[in-house]
Amino acid sequence: MRDPLRLGTGTFQSRLLLGTGKFSSPAAMLKAVRASGAQLVTVALRRFNREQASDDLFGPLSSIAGLTLVPNTSGALNAREAIRAAQLGRELSGSPYTKLEIHPNPHHLMPDPIETFEAARVLVAEGFAVLPYIMADPVLAKRLEDLGCAAVMPLAAGIGTGKGLTTRDLLGLIVRNSRVPVIVDAGLRSPSEAAAAMELGCDAVLVNSAVAAAEDPASMAGAFKLAVRAGRSARLAGIMPVSECAVATSPLTSFLSACNPAQP
Amino acid sequence: MSKGIPEQIDPGPWLELARAATERDVLRALAAESPTVSDLAVLLSPAADSAMESMAQRALHLTRRHFGRTISLYIPLYLSDYCSGGCVYCGFAADRRIPRSRLDRGHAIGEMDSIKAMGFDEILLLTGERTKQAGFPFVLENVRLAAERFNLVAIETFPMTADEYRALSDAGCVGMSLYQETFDPVIYRQAHRWGPKQDYAGRIDAPRRALEGGMRQVGLGVLLGLADPVFDALALFRHIEHLRKSFWRSGFSVSFPRIRPQAGGYAPSHPVDERLLARIIWAFRICLPDAHLVLSTRESPAFRDGMAGVGISKMSAASRTTVGGYAESEACRNGQFAVNDDRGTAAFCEMLKVRGLEPVFKNWDAVYRSTA
């Protein structure tokens, strides 16, 4: 496998992760998952419905071969609730991964760094591969890495906002210092933004609304797949540095070459 | 006009804007990045009527952005129609000569099991104003029964104390809905002829007590038709904005009940037609993009179908407004109000699917309960 994404004990060829909420039907969601080529998909525990198959997102996803499910704790208000949700998610899905989401304000859905840190501490000790959703905070990212999280998932912008890479500079700081994968989670709207995140050095990208809210979700999932690949290839190829002005001759220093070398 | 209404809710300073806004103001409000109460006033003004299509488009995109292509479903269960209240507009008011009943334990279990078999996972338990027959212990017992069967249990009952709300929350209740009916203190006094519901300020304060008592979400609303809808809509918006600052972890939803034909024959003094109702809902969606906006079966199938996903993100379906009514198949009689959309669950969900919307029955998990 060339250039795999290593996450916990798993390796994955795809660097695009997909969220599974907000689709018009389970069939539309599955079509988008297939088109995305994603090998990791996240499902909210609250959308596991063991009593009614037609309302359940977990069942249909578990039927796709080669897909690793990442249950998420969306809905939890604090560490205690998130820990319980992660435990139940592992019990139901058998997945070692948990996407730790604690966003206590149900309207803007910004992550709570204090509760997230506390829950991560407990879940790492319990053997989970913890993928915490966080603000693009370079210090918190390192603190979570030190705890033993399998990756960090800083946001590009608020969940569902589609505002793009609003945290670009902070993401750059996180990428530069991280020893665990950095997965941009939330806020992306278009494939070009996903490519830009990968060019910046992020290891993977997670999208949900950008695909689910598109006019043709499956086609958009395919577009994100290509964009993530392009961005990753560009990063590996070495992007030329930015320059403020054209670099032509060297009018201010050319006289130096005419000078006589210093005599010993 | 505004005398008696708490200052932090009073819409007084925005009423002139809501009356005299121009089409230019409307365009500006529609383009606002973070709409405020001023923008809401503009979108509630007569001038906004010419921008209905633009408002609907904006509402569609905001609803889709925040809730995806989904509609969350819930179902009401009336536990009792005993009532001590004297609401002039209500079919259950204490002076209506109707036979009264309440669900005993066995019936309640039968009703809840029938609802569960219909596929619902969010149940809203309703009563009238506090009575001997249907007081706090009765509600508490039914919350316990419901919490054994449903992930999400909410109540729409009489206002309670913070301690009572705490006890319900500990028993598994997650949400509380309570409509102010009207924020206009004069009309409020006229419409509520006797009993504890005459306590205007106490009712305004109830959502705060519920949230302090541990409820995770509150549903607010006004009864459209009772008073000036623009006044009430602006006050409601300000009330939510005010509560949100204190209860930043809590969910807020808004319902838009209109007065329906009921026993007692009350004719609304400020009737709201469907066009204005749609505009109020879209104005709320534009100014409150991330809150659930709820539409019940009070409205007609055609209106509900058109609003689903266009502003509205949460709906009831297959509802009965009689006490119980799900366990047997008889037609509804003597309900609190006439249900206008009597389609069954399957037909309603089929309509949503045709419109590219996924009906979502389970959208929360009991694992998040405070005592789980």
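How many bridges join strand S4 (residues 40-44) of chain A to S5(A)? Five bridges join the two strands, which run parallel; strands count as paired if DSSP finds at least two bridges between them.

Before going further, note that this is a predicted model, in which local features need pLDDT of at least 70, side-chain atom pairs count only at pLDDT 80 or more, and totals for chains, interfaces and linings use all residues. Residues are numbered from 1 along each chain as its sequence is written, chains are lettered from A and ligands numbered from 1 in the order in which they are written, and side-chain values use heavy atoms, with hydrogens and water left out.

**Chain A as a whole**

Along the principal axes, the C-alpha atoms of chain A fill a box of roughly 90 × 40 × 40 Å. Of the 264 residues in chain A, 55% are buried. Here buried means under 20% relative accessible area, exposed means over 50%, and partly exposed lies in between (1.4 Å probe, protein chains only). Among the contacts in chain A with a separation of 6 or more, 64% are between residues 24 or more positions apart, a contact being heavy atoms within 4.5 Å.

Select residues 68-72 of chain A, which form strand S5. Four of the five residues in S5(A) are buried, leaving the strand mostly covered.

Next, move to Asp3(A), in the segment before strand S1 (5-7) of chain A. Most residues other than glycine have a negative phi. Asp3(A), although not a glycine, has a positive phi of about 50 degrees. Its relative accessibility is 28%, so Asp3(A) counts as partly exposed.

**Helices H5 and H6 of chain A**

Select residues 138-147 and 168-177 of chain A, helices H5 and H6. Their axes lie 9 Å apart, and the helices pack at an angle of about 30 degrees. Axes are lines fitted to C-alpha atoms, for helices over the stretch in contact, and angles run from 0 to 180 degrees between N-to-C directions. H5(A) and H6(A) are therefore roughly parallel, a term for angles under 35 degrees. The crossing is right-handed, meaning that the near helix is turned clockwise from the far one by less than a right angle. Show side chains for Pro138(A), Ala141(A), Lys142(A) and Glu145(A) in H5(A), which meet Leu170(A), Leu173(A), Ile174(A) and Asn177(A) in H6(A).

Which residues of H7(A) are buried? They are Pro191(A), Glu193(A), Ala194(A), Ala195(A), Ala196(A), Ala197(A) and Met198(A), seven of nine in a helix that is mostly covered. Their cover includes H6, strand S9 (183-185), strand S10 (204-207) and H9 of chain A.

Just after H7(A), select Gly201(A), which takes a positive phi of about 110 degrees. Gly172(A), found in helix H6, is 29 residues away from Gly201(A) in sequence and 7.6 Å away in space, C-alpha to C-alpha. Gly172(A) counts as buried because its relative accessibility is 16%.

**Strand S4 of chain B**

Switch to chain B and select residues 173-177, strand S4, where five of five residues are buried. Strand S3 (residues 152-156) of chain B runs parallel to S4(B) and is joined to it by three bridges. Ile155(B) has Met176(B) as its bridge partner. On pairing with strand S5 (residues 217-221) of chain B, S4(B) again runs parallel, over three bridges, and Met176(B) stands opposite Val218(B).

Definitions and conventions: Angles under 35 degrees count as roughly parallel, over 145 as roughly antiparallel, 65 to 115 as roughly perpendicular and the rest as oblique.
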